[in-house]
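I opened this one to see how the chain is put together. Notes follow in the order I looked things up.

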Amino acid sequence: MTKKEIPKEYDHKKEVIWQKKWQDKNTHKFIGDGTRPRYVIDTPPPYPTGSIHMGHVLNWSYIDMVARYKRLRGYDVLFPQGWDCHGLPTEVKVEETHNIKKNDVSRLEFRDMCVDLTKTNIKLMKNQMKTMGFSQDWSMEYITMTPEYMKRTQYSFLKMYEEGLIYQGIHPVNWCPRCETAIAFAEVEYNSNKTYLNYVKFRALAETDDGYGVVKTDKDDKNSSNMEGGVLIATTRPELMSACVGVVVNPKDERYSDILGKKVEVPLSGQAVEVIADEEVDPNFGTGAVMVCTFGDKTDVTWVNKHNLDIIEPIDPQGKMTKSAGRYEGMDLKECKLQTIDDLKSEGCLIKQEEVDQNVGQCWRCKTPIEILVKKQWFVAVNKLVDDIKEASSDIKWNPKHMESRLLNWVDSMEWDWCISRQRIFATPIPVWYCKECGKVHVAQLHEIPIDPTQKSPTIIDSKKQEKPYICECGSSNFRGEEDVLDTWMDSSISPLSIAGWPKEDYSEKFPADLRPQGHDIIRTWAFYTILRTKALTGLKPFEEIEINGMVFGEDGYKMSKSRGNVIAPDDVIIKYGADALRIWASNSVPGSDVPFDWNDIKYGYKFLRKFWNAFRFISIHIFNDKNDSEKKTDDEINRTVFNDFNLKNSGNLTEILNNHLQPLDKWIISKLNNIVNLASESFESYNFATVINSTQSFVWHDFCDDYIEAVKYRLYSKETDEKAINSKYAAKYTLKTIIETVLKLLNPITPHFADEVYSYFSNETLYWALDKTLDNKIESIENTDWPKVNNDLIDLKAEEEGFKAVNLIAEIRRFKSNSKLPLNTPLSEVNIYFKNEQLFKSLEKFKDDIKGTLKINNLNFKTGKLEIIEKVVEITPAMDKIGPEFKGEAGKILKYLNSISIEKIDNILSNNGKIDIEGNIITNEHLNMKKEVVGSSGKKVEILNPENSDLLIEIYR
Ligand SMILES: [Zn+2]
Ligand SMILES: [Zn+2]
């Protein structure tokens, strides 16, 4: 090792070399042989969009930091990567790219197109993940669209169906008319906008009828606004009036007590509906009377169920009005709304319109307003599992803790079961057939899955173990395969089971997972569904801990989005500053909180690594020796390498050696280092990455580079040959090496490329420090080493306190040099430090050599008692801008006099009298510019420093 081999600048372009090396050497492979404790991460399977964004960078940086930290901690880490492939966005993209609609080609063809696109996108994202240095074990990759994964999803369906936790039913579902599919509540996004609240008059009807229908009362003619007997309702959805099945009012609302239980007529469509009482009605909203239609919103569903009202279906799956909408049939919802309002106006039933704020549920994918339709769908019986979910959640460690309430609130607000069927193609098929004769449902059997029931008929295995066509109880062998497919959350919600190899028997070796890292935006979906499913399928919680990360905001403070134009692509940052700098940005945040992107943070991280590199490069000259050179070491010098191993097992002995040989400043920084290791360990354990990076950066930059290295240079370059100087030199070398090596380990989870790059110089060459020269210490990656052990015996608060004062004192005098434009290596002839208290004197005395050596002070004295200094005037010049205007013609006389006497005399007269009388002209200090100088007791020119908050004065003679 020669210093020439270490490049002058750290080159982040080398990151790719490390990435390749890790792949080639399987550095991050999960071993699974049980020799080390296992640590399983339930990594999120992202949707293969084709590129990773800053949100991914943040989330995966957290995961990778944990994985690398745990490996250093001795765990066998399973960091898999999955891909959650199915779903609408890919279908939409395929439709766009091929300019087709899903039904233009066969289901199989369409599916193949989706598979192709997904494969391409996975490849792109995988490469991006590698350029970030993420350390997944790619041999454990899983892809939800593969037959293998589909089999698991279908198996989980069969199991839950068997246990009555999945059922088919007719229920209102959230429906996107554009995507033409049911969607789950978790996929409904709410958006507020303005709309009109329409006040519509419903006329009263007679209570009796003729047996065929209701008869109108004649007292309430069409054009009257008289409400007597009728009711005024307020609605934002007049287009649904044809599906009005009732009017509800609050039972305590006296305005309506007369009409309660009576019937009113719905304008335009003309059906008679009853006025019913319900305490849920807010008497203060609108008129206090609300029409119930099937279905305007979730509340309508509740009322229809509660009061056993009819269901009218006015909207078809494409969002067009049906026959039930009468004259509006065939219109879309918007047209129908406008036409209805026009018609209400001309019928005289629209009393007024009022602008109001509205919260509209939209499809998460296409932003089309959601409708509630009644459909035959497949459901997971969430309501049966609520208690199980809560129990599992309380048994999971949430980080941060408060995020758990998001899950619990969601569970408590759960009114409907989870609708898991989708009317799409690219998804896991529902493994079910219907008998074409009797309509009976037939569920696939184990030997058939994975299966697409639209492509194959059901079979059974007979007693001779032959596969034969299945015959329905009714004798029919004609089946229709279920065309509906499963919600993609049915795939991804078994991720921790899939990682563990479920349903193979030994899955419990890797289940529950140790950690689930995920964003707070998918607590209601991914976290909720996973807990629900693993509880239902195994009776167990899915993971021990969950760690929630925030979202990334743009530099403008808004969530990154294409439409805002504030998106920063990770690749742009990596090319310019490297993945490690981007990872430093990600680490400087706290789980659960949203994180703003800031180029300044990236640049700071970039600069930090270069600062550390430079320090390392400088130190390398001292801690590594030229191979040839090391041969020439004397035995005595080789023995000194006992300092080498900070982690010697016999630490009592080591501590003794260290305590004997380390100098006060070494003890100061070694104590600080041990504290940092303690803090970093605690912080990694609690996912507090910001504390790790901030404390490490400040330690390296300030304590180590600015203070310690500067203060030990004189020891490293010492030419003294006495025992004391040699010991001191080796103690400094030991300390430098220990710090670099330890800090690299602390930084490895955050900046793995940098850590391995620097560490390669430690591991791949003969170390001057190696006790055993035959030892093969070629280590592939710093990750194959151990997390630094804390030596508590070397944590010494007193040493830290004293060292802190010493480095501050050195910094003070260094600042003096730089302020005085003196090069730092300029010698100072004499420095005297006056201490106001004895204790400080004593604690700093042991740093006398360091202060002297670092600052090149020829004569350094520590003194107690008062500093004696005198101010001496060294130059006096008349202030002409004052003398001229004031004394005018007399000025000449004054100047002449001032020139005739000595500086000392002028000073003397002024000090004694405060003025000089020159033939009646009175001269004071303000007429003169005086330059003073401070001189010490010796009378030589001296400069005094009086550092703030310190009990000392520094007297410097240049
Ligand atoms: Zn949609
Ligand atoms: Zn049948």
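Definition first: I take the radius of gyration over C-alpha atoms, and the globule rule is 2.2 Å times the number of residues to the power 0.38. This is a predicted model, where local features need pLDDT of at least 70, side-chain atom pairs count only at pLDDT 80 or more, and totals for chains, interfaces and linings use all residues. Residues are numbered from 1 along each chain as its sequence is written, and chains are lettered from A and ligands numbered from 1 in the order in which they are written.

Overall form. The protein has a radius of gyration of 41 Å, whereas a compact globule of 958 residues would come out near 30 Å. I get a C-alpha trace spanning about 135 × 95 × 50 Å along the principal axes.

Domains. I looked up the assignment (bounds from an automatic or database domain assignment). Domain 1 is made of 34-144 + 386-412 + 490-597, and domain 2 is 191-360. Domain 3 covers 599-795, domain 4 covers 803-868 + 942-957, and domain 5 covers 869-936. The C-alpha centres of domain 1 and domain 5 are 81 Å apart.

Secondary structure. I count DSSP runs numbered from the N terminus, with helices as H or I of at least four residues and strands as E of at least two. That gives 28 helices and 36 strands.

I call a residue buried if 20 or more other C-beta atoms lie within 10 Å of its own, exposed if 12 or fewer, and partly exposed in between, with C-beta atoms placed from the backbone. By that rule 39% of the 958 residues are buried. A nonpolar core is a set of buried Ala, Val, Leu, Ile, Met, Phe, Trp, Tyr and Cys residues joined through C-beta atoms within 7 Å. The largest one has 209 residues, and Ile233 is among those touching the most other members. Helix H2 (residues 54-72) gives the most to this core, 11 residues.

Which residues does Ile233 touch, not counting those up to four places away in sequence? With contact meaning C-beta atoms, placed from the backbone, within 7 Å, I find Val200, Phe202, Val247, Thr287, Ala289, Val290 and Met291.

Helix H23 (residues 797-819). The expected span is 1.5 Å times one less than the number of residues. For these 23 residues that should be 33 Å, and the end C-alpha atoms are 32 Å apart, which agrees. Its buried residues, including Ala799 and Glu802, pack against helices H19, H20, H24 and H25. Lys821 follows H23 with a positive phi, near 60 degrees.

Note on methods. Contact = placed C-beta atoms within 7 Å.
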